[in-house]
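Student: Could we go through this model term by term? I would like each label set against its definition.

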Amino acid sequence: MWYYEKKLQYPVKVSNCNPRLAKYLIEQYGGADGELAAALRYLNQRYSIPDKVIGLLTDIGTEEFAHLEMIATMVYKLTKDATPEQMKEAGLGAHYANHDNALFYQNAAGDPWTATYIQAKGDPIADLYEDIAAEEKARATYQWIINMSDDPDLNDGLAFLREREIVHSLRFREAVEILKEERDKKQFF
């Protein structure tokens, strides 16, 4: 079903070890508006969406997994050389005690990922508006992380991800309009 190229969608570079920045970035790994929740949301919703836009949810849902891989790489690179003391100072002491430097699906506050992050109403237009909101929240989070970062290399990858959220939001908006036109057509029997 997929062809996997053994490279990231966009190159990930990090200037130096920075576990505090990794702590914030983990929000996009396992947070409510992060890449895992988005991928699972869209791939789940595609089963109750009209055929005219099902491909869009499949395409964006699978792209979100590519973004998840980029976030994982960023977090790994930001923490791979961190000492236990640096992890503790960054507010990741509990994470280190439980997982060492391994990734774990949680948000920036340390709360584990939960399936309650995934929304699916079954109404295609309601679900697409949920998706637009999710993309806009992810875009905002990427911008806030960029605002806190002093790493130009990392910010390049974050800016790429932020721009992809904008593209996804626009594509979902187009899908809403397609479905509204379809809904508002007169039905003749």
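Tutor: From the N terminus on, the elements run α-α-α-α-α-α-α-α. This is a predicted model, where local features need pLDDT of at least 70, side-chain atom pairs count only at pLDDT 80 or more, and totals for chains, interfaces and linings use all residues. Residues are numbered from 1 along each chain as its sequence is written, and side-chain values use heavy atoms, with hydrogens and water left out.

Student: How do you know what share of the residues is buried?

Tutor: Buried means under 20% relative accessible area, with a 1.4 Å probe and protein chains only. Of the 189 residues in the chain, 43% are buried.

Student: Which residues do the contacts join?

Tutor: A contact means heavy atoms within 4.5 Å. Among contacts between residues at least 6 apart in sequence, 79% join residues at least 24 apart.

Student: Why is a space called a cavity?

Tutor: Because on a 1 Å grid over the protein atoms alone, a 1.4 Å probe fits at its points but cannot get out. Two cavities of 30 Å³ or more are found in the whole structure.

Student: What lines the largest cavity?

Tutor: Lining residues have an atom within 4 Å of a point. Among them are Ala 22, Ile 26, Val 75, Thr 79 and His 95. The elements giving two or more residues to this lining are α1 (19-25) and α4 (51-79).

Note on methods. Helices (H or I, at least four residues) and strands (E, at least two) are DSSP runs, numbered from the N terminus. Buried means under 20% relative accessible area, exposed over 50%, partly exposed in between (1.4 Å probe, protein chains only). On a 1 Å grid over the protein atoms alone, a cavity is a set of points where a 1.4 Å probe fits but cannot get out, and a pocket is an open set with protein on both sides within 12 Å along at least five of seven lines; lining residues have an atom within 4 Å of a point. Grid points are joined across faces, edges and corners, and a volume is the space filled by probe spheres set on the points.
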